[in-house]
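Hello,

Here is the structure I promised to pass on. Please open it alongside this message; my notes follow below.

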Amino acid sequence: LRDVGAATDKAAAVRPHRLIVAWHGVLTLAFEAWPKRLVELKERVGSLPEFRSSPENFGTRWPKATLAALNDDAPPLTPDQLRELTELCREFDSALEGIGEVPLA
C-alpha cells in the first residue's frame, strides 16, 4: 500500500458540503466530490489483489469522512433522536459551505 500511496504525490483538496447522519447513527462530513487524485488512489488500491475479493460498499463510494459513531452495543437511534441530530447538522451546513476548499496533507 505504501507504494500505491507514494504514486500520488500531488496535493489534493476537498470542499465540505454538509453534515450527514449515515447508517447506524454515524456522523459524517460529506464533501462535494472526491478530488481526481483521491479517485485515482482509490482505483489503484481497489486493483490490489488483497482488495479485489471484497467489493466496495455503496456507502464507501460517497465522498465523506466519518466524524463519530455509536458504540457497537449501543441501541439504534430512535426516530426522534435521528430527527434532532439531523436538525443540529442542518444548522452547520451553511457555515460549512463558507469554508471553501480544504487542502489535504
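**What I found**

Among contacts between residues at least 6 apart in sequence, 73% join residues at least 24 apart. Bear in mind that this is a predicted model.

First, the overall layout. The chain holds 4 helices and 5 strands. Read from the N terminus, the order is α-β-β-β-α-α-β-α-β. Of the 105 residues, 19% are buried. The chain exposes about 7900 Å². Carbon and sulfur atoms supply 58% of that area.

Which residues make up the largest nonpolar core? There are 7 of them: Val 14, Leu 19, Val 21, Leu 29, Phe 31, Cys 89 and Leu 96.

Val 14 deserves a look on screen. Setting aside neighbours within four places in sequence, Val 14 is in contact with Phe 31, which also belongs to the core.

In which sense do β2 and β3 pair, parallel or antiparallel? They pair in the antiparallel sense, over 5 bridges. Ile 20 has Thr 28 in β3 as its bridge partner. The two strands form a hairpin, with 5 residues between them. In the turn sits His 24, with a positive phi of about 60 degrees.

Best wishes

Technical notes: Residues are numbered from 1 along each chain as its sequence is written. This is a predicted model: local features need pLDDT of at least 70, side-chain atom pairs count only at pLDDT 80 or more; totals for chains, interfaces and linings use all residues. Side-chain values use heavy atoms; hydrogens and water are left out. A nonpolar core is a set of buried Ala, Val, Leu, Ile, Met, Phe, Trp, Tyr and Cys residues joined through side-chain atoms within 4.5 Å. Buried means under 20% relative accessible area, exposed over 50%, partly exposed in between (1.4 Å probe, protein chains only). Contact means heavy atoms within 4.5 Å. Two strands pair if DSSP finds at least two bridges between them. Accessible areas come from the Shrake-Rupley method with a 1.4 Å probe; for residues, only the protein chains shown count as cover.
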